[in-house]
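User: I'd like to learn how to read a model like this one, feature by feature. Can you walk me through it?

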Amino acid sequence: MKRVLILFITAISMSFVNAQDITDALRYANDEIGGTARFRAMGGAFGALGGDISAININPASSAVFTQSKASFTLGLSAKNNDVNYFNTTRSSEDNSFNLGQGGGVFVYASNNPNTKWNKFSLGIAYDRTGDFSDSWIASGVNSNTSIAEYFNGFANGLRLDEISALPGETINEAYADIGSVFGFGHQQAFLGFESFILEPDADVDDNTQYDNNIVGGDYNQRYALASTGYNGKMAFNFAAQYDERINIGVNVNAHFLNYERSTVFDETNSNAGSTVTAVGFDNTLLTTGTGVSFQIGSIVKLTNEFRVGLTYNSPTWYRINEETTQFLQTTVDGFNNPIIISPNIINIYPAYRLRTPGKVTGSLAYVFGDKGLLSFDYSRKDFSDTVFRPTDDPFFAFQNNEISNLLGVSNTYRIGGELRHKQFSFRGGYRMEESPYVDDTFVGDLTAYSLGLGYKFGDFAIDIAYSQAERERNEFLYSNAPTFRETANLDTKFTDVVLTLTFGI
């Protein structure tokens, strides 16, 4: 059995660690509530309605709308279809996952005090999956512009040779560990490039700082495969009250937890005249775990028996995040009988960093047609430029925060939902449009989604099913933390979900 060493990166400055960036910030800043089947079928437009367990995670006043104590659980089947274009070559892939998307309950307590207009109180706990990180796609094509050699060269140029190479008698494992511990991530990447013969120093002396590539210009056959799993979850601890049967107010204290695992495999071959290195295989894994806290304050006011309005404030979420990485590099070099393999068998564990994701404000309207049905509308505003890496006095994080301020902006979300009731049956539909978080939406486009659903209620028990489909286009960097290798794949992604919810009295 291979022995895997664990390397704790303990560099003095956070600037030396694995390069967190906008991609990471957006991954954890999105807070799309999965929700019950009824919630999903109506596009999530529940801010002025309440009366649904998942609505608590939209507006904490929602639990006071319940007329009796309820619980619900939701199972979902998700499919993600990617059409990936890379240098005019398109490949399609599909990833399926089965999950517990929602669970929770509300306990309602009616007031019997005739001297107060506070007629109802409620306590609730609601779990919702707010992000699904399951994904799988392949980008492949002929790149006539840039070799993967530029990835390593971008990190190496400007660094001393004796800072990115093994000392006499030092093993690859020892050198990789020492360089990571003393200098950090960027030096490790340069070390991989030098020891694999991808990089050639201008002079074989310790103070050399300039490097050429042993892969020369021409066509490069490239293939990049990504596979990821994980989720972002939110647990809301809720308290709400109803005043005079018209005004509902509530508050949530939320616990957030995330888990993200990603592996990438990059292969490049070339037959260019003058190239010493003709093949490269570069593998990376990333494990991210984190916890966070936030709060919400909301209200739902019944202006008339039919017309309701809602308003909710979501605070920022304050995360503490940990990361681990592993790497593997293999090259084929002319003149060598065997490939050069650099497999450090080391897990890099980086210092925890903090991330504050932006808050959100939601305004809602709803019109209830007695027991015949309803229409609802939600509008949310979220300024992604308020995302902040911490500590802010770290030079690298200061640079990333400046990039976030310049590149990200306000994203508005619009949700429309409707329900038609006939005896025990409910027929539902919804639409959602979420604007790009980028100022320039060529990075990430707008998301549009449609949904349908059916519900059947008998007594205190209800069963609901929903189908939804969303689509978004984005350009994704293969290596978002690389200084010079900035190749992107264009992904047109279609999200399809089928969810089933059981609701019952408690």
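User: What percentage of the residues in the chain do buried residues make up?

Analyst: Keep in mind that this is a predicted model. Buried here means under 20% relative accessible area, and such residues make up 53% of the 506 in the chain. The secondary structure comes to six helices and 23 strands, and the C-alpha trace spans about 90 × 45 × 45 Å along its principal axes.

User: How many residues of helix 5 are buried?

Analyst: Start with the general idea: an α-helix has 3.6 residues a turn, so residues three or four places apart point the same way. Now the case here. Ten of the eleven residues of helix 5 are buried, so this helix is largely enclosed by the rest of the structure. Among them are Phe185, His187, Gln188, Gln189 and Glu195. Helix 1 (residues 22-29) reads likewise: seven of its eight residues are buried, so helix 1 too is largely enclosed. Its buried residues include Asp24 and Arg27.

User: What about the ends of helix 5? Where is glycine 184?

Analyst: Glycine 184 sits in the loop between helix 4 (172-182) and helix 5 (185-195). That glycine is buried, with a relative accessible area of 0%. After helix 5 comes phenylalanine 197, with a positive phi near 75°.

User: Which residues touch the most other members of the largest nonpolar core?

Analyst: For a core, look at which side chains join up inside. The largest one has 45 residues, and Trp137, Tyr151, Phe152, Leu478 and Tyr479 touch the most other members. Another core, of 21 residues, lies apart from the largest one, and Ala25 and Tyr319 are among its members.

User: And the strands? In which sense do strand 2 and strand 23 pair?

Analyst: With strands, check direction and then the bridge partners. Strand 2 (residues 70-86) and strand 23 (residues 488-505) pair in the antiparallel sense over 16 bridges; lysine 80, for one, has phenylalanine 495 as its bridge partner. Strand 22 (residues 461-477) also runs antiparallel to strand 23, joined by 17 bridges, with glutamine 469 opposite threonine 496.

User: Last one: how many positive and negative side chains does the chain have?

Analyst: There are 36 positive and 56 negative ones, and the centres of the two sets lie 16 Å apart.

Methods: Residues numbered from 1 in each chain as written. Predicted model: local features only at pLDDT ≥ 70, side-chain atom pairs only at ≥ 80, totals over all residues. Heavy atoms only, no water. Helix = DSSP H or I, 4+ residues; strand = E, 2+ residues; numbered from the N terminus. Buried < 20%, exposed > 50% of the residue type's maximum accessible area, 1.4 Å probe, protein only. Pairing = 2+ DSSP bridges. Core = buried A, V, L, I, M, F, W, Y, C linked by side-chain atoms within 4.5 Å. Lys, Arg positive; Asp, Glu negative; His and termini not counted. Charge placed at Lys NZ, Arg CZ, Asp CG, Glu CD.
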